Amino acid sequence: MIKIIENIKELSAIENDCNRLADNLEMPLLRFEWLVNCARTLGPGENMFVVILVEEGIVKAIAPLVLAKDNSAERLGMLGASLHGEPCGFLYEDETYLHDLLEAIARMNKTIFFGGIRELSLEKIKIEQFSEQNKNPVMINSKNVPYLPVHGTWESFQQKISKSQRSSLKRLLRIAEEMGKVSIEITTPDVENVDKYLGEIFETEASSWKKEPGPR
């Protein structure tokens with residue numbers, strides 16, 4: 001059975017399970033004491049979203065995650081990764097329970113950033129295998145995925161950036177307008193139409209020197 005923990009009180013109820021699994025894995029940064037302090041210092045727009053796998057009343061695996069919302073889009077990330085930058089990981093009794101937990105998370109149909117997962121850890125290996133086998137485009141292993149949060153209107157955003165950045169934006173816009181009509185579309189593709197957008201991206205990338213083989 002899968003359960004979602006969304007507050008400190010519910011997280012405190014599985015303190016012993018956290019520490020039992022963390023001690024088995026010899027990972028002190030996965031003990032309850034660390035996780036609960038990460039939960040108390042969530043980043044902007046983050047909410048606790050700890051996923052636990054329970055069998056016969058016993059917690060067998062835990063995914064310390066947060067649910068982040070930005071401009072109406074939702075994504076899952078590792079608890080503590082965005083603010084603390086410390087190694088992150090999952091808690092589990094064995095590989096089978098880890099796999100079952102990953103399957104349950106994938107069925108949630110949310111983009112998942114696994115930044116902070118330790119290199120060469122079992123969960124990192126299983127995530128990569130799981131993503132490849134299931135062709136799941138929303139499980140992202142990259143440590144750093146750059147994005148620029150824009151709140152409010154485009155005009156208000158421009159007022160918050162530096163003068164040099166505003167100047168660069170205007171210059172690039174003028175160059176783009178010389179090539180044709182400029183329009184902007186912001187979208188969050190789902191599994192059904194992600195291939196369409198990826199095709200457009202690859203076609204655009206290949207329209208310049210990047211299509212040509214050989215060293216640069």
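**View 1. The second largest pocket holds about 260 Å³ of space.** The model is predicted, so local features need pLDDT of at least 70 and side-chain atom pairs count only at pLDDT 80 or more, while totals for chains, interfaces and linings use all residues. Residues are numbered from 1 along each chain as its sequence is written, and side-chain values use heavy atoms, without hydrogens and water. A pocket is an open set of points on a 1 Å grid over the protein atoms alone, where a 1.4 Å probe fits, with protein on both sides within 12 Å along at least five of seven lines. Its volume is the space filled by probe spheres set on the points.

**View 2. Lining of the second largest pocket.** Lining residues, which have an atom within 4 Å of a point, include W154, Q158, L169, K170 and I184. Helix 8 (163-179) and helix 7 (154-160) each supply at least two of the lining residues; helix 8 gives the largest share, five residues. Helices are DSSP runs (H or I, at least four residues), numbered from the N terminus. By class, the lining comprises seven nonpolar residues, two polar and one charged.

View 3. The whole structure has zero disulfides (cysteine sulfur pairs within 2.5 Å). For C88, the closest cysteine sulfur is that of C38, 7.3 Å away and therefore too far for a bond.

**View 4. K196 over the face of Y197.** K196 lies 4.3 Å from the ring centre of Y197. Such a charge has NZ of Lys or CZ of Arg within 6 Å of the ring centre and within 35 degrees of the ring normal.

Notes: Ala, Val, Leu, Ile, Met, Phe, Trp, Tyr, Cys and Pro count as nonpolar, Asp, Glu, Lys and Arg as charged, and the others, Gly among them, as polar.
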